[in-house]
Amino acid sequence: ERVADHVAIIASGKLAMKAPMDSLRSDYQHVVANVDDPTRAISPLPCSAGVLDEQSDGRQRIWIVRGFKKEDQSWLASQPGVESIQTRGATLEEIFVAVTSNPPSNDPSPAELKIMGVAS
């Protein structure tokens with residue numbers, strides 16, 4: 001991570017993501033929403049945010065997201081039961097795990113390619 005200026009991630013024998021390291025650091029966020037009840041469901045994040053991974057851990061909902069904007073954060077904060085939100089840049093390891101645990105299908109759509117950073 002300290003010496004690479006470009007990163008490629010291969011999952012299931014296919015190129016899943018290719019991007020400059022600077023882009024990974026600036027474009028991908030680790031988002032945590034704390035909710036009032038561990039059984040509370042939250043609507044899917046808005047389309048403007050490209051969700052790579054989503055997890056629940058007790059009262060926390062955790063996402064690895066590409067392009068999470070202020071309006072996405074405002075939308076999430078307005079959801080019933082959301083008590084607080086924390087965001088930070090996702091680590092390369094978090095991005096790698098998210099991409100490889102959800103490998104691309106045989107024929108990813110143009111939107112999926114854009115989210116993965118493969119489309120030109």
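How many helices and strands are there in the chain? In this predicted model, the chain contains four helices and six strands, and the legends below take up parts of this arrangement in turn.

**Figure 1. Overview of the predicted chain.** Read along the sequence, the elements follow the pattern β-β-α-β-β-β-α-β-α-α. Buried residues account for 35% of the 120 residues in the chain, while the accessible surface comes to about 7,200 Å², of which 51% belongs to carbon and sulfur atoms. Among contacts between residues at least 6 apart in sequence, 65% join residues that are at least 24 apart.

**Figure 2. The open sheet of four strands.** The strands stand in the order β4-β5-β3-β6, and their pairing is antiparallel. At the edges are β4 (50-57) and β6 (82-89), each of which pairs on one side only. Neighbouring strands of this sheet are turned by 15 degrees against each other on average, with direction ignored. Strands of a sheet pair through backbone hydrogen bonds, either parallel or antiparallel. Strand β3 (residues 28-35) and strand β5 (residues 60-66) are joined in the antiparallel sense over seven bridges, and in this pairing H30 stands opposite I64 in β5.

**Figure 3. The hairpin of β4 and β5.** These two strands pair in the antiparallel sense over seven bridges, with D57 opposite Q60 in β5. Two residues lie between the strands, and G58 in the turn has a positive phi of about 65 degrees.

**Figure 4. A positive phi at S12.** Most residues other than glycine have a negative phi. S12, although it is not a glycine, has a positive phi of about 55 degrees. This residue lies in the loop between β1 (6-11) and β2 (14-20), and because its relative accessibility is 62%, S12 counts as exposed.

**Figure 5. Helices α2 and α3 against the strands.** Helix α2 (residues 70-77) packs on the sheet, where it touches β3, β5 and β6, and its direction makes about 155 degrees with that of β6. Helix α3 (residues 92-101) lies across β3, β4, β5 and β6, and runs at about 95 degrees to β4.

**Figure 6. The largest nonpolar core and a second, separate one.** In soluble globular proteins, nonpolar side chains tend to be buried together. The largest nonpolar core has 16 residues, of which M17, L24, Y28, L52, I95 and V99 touch the most other members. The elements that give two or more residues to this core are β1, β2, α1 (21-27) and α3, and the largest share, four residues, comes from α3. A second, separate core holds 11 residues, including V35, I42, V65 and V82.

**Figure 7. Salt bridges between side chains.** Side chains of opposite charge can pair when their charged atoms come close. The count for this model comes to four salt bridges, and one of them joins the side chains of D27 and R66 (3.9 Å, N to O). Because D27 lies in helix α1 and R66 in strand β5, this pair ties together parts that are 39 residues apart in sequence. D27, at 25% relative accessibility, counts as partly exposed, and R66 is partly exposed with a relative accessible area of 24%. The side chains of E83 and R59 also meet in a salt bridge (2.4 Å, N to O); E83 lies in strand β6 and R59 in the loop between β4 and β5, so the pair ties together parts that are 24 residues apart in sequence. R88 and E94 form a further side-chain salt bridge (2.6 Å, N to O), in which R88 is partly exposed, with a relative accessible area of 38%.

Key: Residues numbered from 1 in each chain as written. Predicted model: local features only at pLDDT ≥ 70, side-chain atom pairs only at ≥ 80, totals over all residues. Heavy atoms only, no water. Pairing = 2+ DSSP bridges. Axes fitted to C-alpha atoms, helices over the stretch in contact; angles between N-to-C directions. Contact = heavy atoms within 4.5 Å. Buried < 20%, exposed > 50% of the residue type's maximum accessible area, 1.4 Å probe, protein only. Core = buried A, V, L, I, M, F, W, Y, C linked by side-chain atoms within 4.5 Å. Areas by Shrake-Rupley, 256 points an atom, 1.4 Å probe, with all protein chains shown as cover.
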